[in-house]
Amino acid sequence: MAATDEARRLALAAADAAADKKAHDVIVLDVSDQLVITDCFVIASAANERQVGAIVDGVEEKLREAGRKPVRREGAREGRWVLLDFVDVVVHVQHVEERTFYGLERLWKDCPRIEFDAGPPADEVAEA
């Protein structure tokens with residue numbers, strides 16, 4: 001069973017928010033055929049702990065505007081890997097080193113990717 005339209009919409013909103021905060025290698029995976037607890041994973045990388053925090057804040061803000069709050073938030077204290085659980089969507093924001101080490105996209109390589117166009121960050125659009 002494919003991810004619901006609502007889960008896809010939220011996952012794409014989270015991915016866009018991460019990209020707006022200059023996250024690296026943002027991907028969206030439809031994990032609904034493999035997991036019963038969620039439909040989509042969003043995975044994003046950051047160069048340092050401060051950027052991890054900024055990306056997490058941006059994702060939370062964007063999804064709050066869509067009427068969603070995370071039911072669980074883990075890893076914020078360390079700032080190297082933060083997991084935001086929105087039930088239908090789980091967002092992983094990882095320091096580049098953690099992402100390389102744990103390789104979530106390798107673990108879930110059989111799951112289809114959901115394509116999205118990150119486009120330029122919102123602040124660059126406003127300047128244009």
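Good morning. Please keep in mind throughout that the structure before you is a predicted model.

I shall begin with the sheet. Five strands form an open sheet in the order S1-S2-S5-S4-S3, and the pairing is mixed. Strands S1 and S3 are at the edges, each pairing on one side only. From one strand to the next, the twist averages 10°. As one example of pairing, consider S3 and S4: they run antiparallel and are joined by 3 bridges. Within this region, glutamate 74 stands opposite leucine 83 of S4.

Helix H1 lies across S1, S2 and S5, and runs at about 5° to S2. Helix H2 also packs on the sheet, where it touches S1, S2, S3, S4 and S5, and its direction makes about 160° with that of S5.

Let us look at H2 in more detail. H2 spans residues 49-65, which is 17 residues. From the first C-alpha to the last it reaches 25 Å, close to the 24 Å expected at 1.5 Å a residue. At the start of this helix, a side-chain oxygen of asparagine 48 comes within 3.2 Å of the backbone nitrogen of arginine 50. Just after the helix, glycine 67 has a positive phi of about 85°.

Which residues of H2 are buried? They are Gln51, Val52, Ile55, Val56, Gly58, Val59, Glu60 and Leu63. The buried residues of H2 pack against helix H1 and against strands S1, S2, S3, S4 and S5.

My next subject is threonine 38, found in the loop between strands S1 and S2. Is threonine 38 buried or exposed? Its relative accessibility is 4%, below the 20% cut-off, and therefore it counts as buried. The side chain of threonine 38 has a polar atom 2.9 Å from the backbone oxygen of valine 87. The backbone oxygen of aspartate 88 likewise lies 2.9 Å from a polar atom of that side chain. Leaving aside residues up to four places away in sequence, threonine 38 touches Val31, Ser32, Val87, Asp88, Val89 and Val90.

A pair of aromatic rings is described by the distance of the centres and the angle of the planes. The whole structure contains 3 aromatic pairs. One of them joins phenylalanine 41 and tryptophan 108 edge-to-face, with 5.4 Å centre to centre and 85° between the planes. This pair links distant parts of the chain, since phenylalanine 41 is in strand S2 while tryptophan 108 is in the loop between helices H4 and H5, 67 residues apart. Phenylalanine 41 counts as buried because its relative accessibility is 7%.

Tryptophan 81 and tyrosine 102 form a tilted pair, at 4.9 Å centre to centre with 55° between the planes. Tryptophan 81 belongs to strand S4 and tyrosine 102 to helix H3, so the pair ties together parts that are 21 residues apart in sequence. Tryptophan 81 is partly exposed, at 25% relative accessibility. Tyrosine 102 is partly exposed as well, at 42%. Ring pairs also bring in Phe101, giving a cluster of Trp81, Phe101 and Tyr102.

Thank you for your attention.

Definitions and conventions: Residues are numbered from 1 along each chain as its sequence is written. This is a predicted model: local features need pLDDT of at least 70, side-chain atom pairs count only at pLDDT 80 or more; totals for chains, interfaces and linings use all residues. Side-chain values use heavy atoms; hydrogens and water are left out. Helices (H or I, at least four residues) and strands (E, at least two) are DSSP runs, numbered from the N terminus. Buried means under 20% relative accessible area, exposed over 50%, partly exposed in between (1.4 Å probe, protein chains only). A polar contact is a pair of N or O atoms within 3.5 Å; within protein, one must be able to donate a hydrogen and the other to accept it, and residues adjacent in sequence count only if both atoms are side-chain atoms. Contact means heavy atoms within 4.5 Å. The expected span of a helix is 1.5 Å times one less than its number of residues. Two strands pair if DSSP finds at least two bridges between them. Axes are lines fitted to C-alpha atoms, for helices over the stretch in contact, and angles run from 0 to 180 degrees between N-to-C directions. Rings of Phe, Tyr and Trp (its six-membered ring) pair if their centres lie within 6.5 Å; planes under 30 degrees apart count as stacked, over 60 as edge-to-face and the rest as tilted.
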